[in-house]
Amino acid sequence: MHFMNETLPRFGDAEIPDSTHISLFGTVPDSIVDGPGLRYAVFVQGCSHGCPGCHNPESQPAEGGTVTAIADLLADIEANGLVHDVTLSGGEPFEQPAACAALARELKRRGYGVWSYSGYLYEDLERRAAEEPAIADLLDAIDVLVDGPFVESRKSLELKWCGSSNQRLIDVPATRRTGSVQLWHPASFTLERPANW
Ligand code: SF4
């Protein structure tokens, strides 16, 4: 069960209702470009940033997404036994914060790693979190936030997991703990030559 390109109920002008449903642009169950390793990528519908050169312009309108029960999405993720990490992308996950927080919180409870992309800066999200519990809940449920809009003049194909060099990979738990932005770095490791080589 993949949700990409399915035609199901539309939100039209209605609000994304609550924390039980999410409006999806699509899903990719075996992404290798939305964070390290093999990941299940969830692309939400709707993004107000309007970045020139957006990688997913069809995901920008708030209308037209596939309204999906979060329970069904979780079941689809769990049915994929190879994947232990999930990335929220879009679209703008922080424009469906209650739904994305409910999804991310449940994924964490089941042992998944969770990344999220956002066109907002972390500092702006943190400021809003003081007044919008769903934003705080979503920040509390993700491991790494890739923040900031896509800036075409700073586009680089050399970057891993970012489209443009203004975007940051933020270690969200460490940032929330310390109160200042802590960047996330991949765990470093060295390969040792086996003794019999
Ligand atoms: S934040 Fe992402 S999805 Fe939204 S317009 Fe910018 S590039 Fe597109």
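I began with Glu106, which counts as buried at 18% relative accessibility, and I kept in mind throughout that this is a predicted model.

**Entry on Glu106 and its partners.** I looked up the partners of Glu106 and found a salt bridge with Arg109, whose closest N and O atoms are 2.7 Å apart. Because Arg109 and Glu106 are 3 residues apart in helix H2 (residues 97–109), about one helical turn separates them.

I turned next to Arg168, which forms a salt bridge with Glu123, the closest N and O atoms being 2.8 Å apart. This pair links distant parts of the chain, since Arg168 lies in strand E7 (residues 168–171) and Glu123 in helix H3 (residues 122–129), 45 residues apart. Both partners count as partly exposed, Arg168 at 22% relative accessibility and Glu123 at 32%. The count of salt bridges comes to 10.

I looked up the largest pocket, which holds about 640 Å³ of space. Of its 33 lining residues, those closest to the centre are His55, Tyr117, Phe150, Gly163 and Gln167. By class, I recorded 14 nonpolar, 15 polar and 4 charged residues in the lining. The ligand sits in this largest pocket, and the residues that surround the ligand include Cys47, His49, Cys51, Cys54, His55 and Phe150. The shell around the ligand has 4 nonpolar, 7 polar and no charged residues.

Technical notes. Residues numbered from 1 in each chain as written. Predicted model: local features only at pLDDT ≥ 70, side-chain atom pairs only at ≥ 80, totals over all residues. Heavy atoms only, no water. 1 Å grid on protein atoms, 1.4 Å probe; cavity = no way out; pocket = protein on both sides within 12 Å on 5 of 7 lines; lining within 4 Å. Points joined across faces, edges and corners; volume = space filled by probe spheres on them. Nonpolar A, V, L, I, M, F, W, Y, C, P; charged D, E, K, R; others polar. Near = heavy atom within 4 Å. Sits in = over half its atoms within 2 Å of the grid points. Salt bridge = Lys/Arg side-chain N within 4 Å of Asp/Glu carboxyl O. Helix = DSSP H or I, 4+ residues; strand = E, 2+ residues; numbered from the N terminus. Buried < 20%, exposed > 50% of the residue type's maximum accessible area, 1.4 Å probe, protein only.
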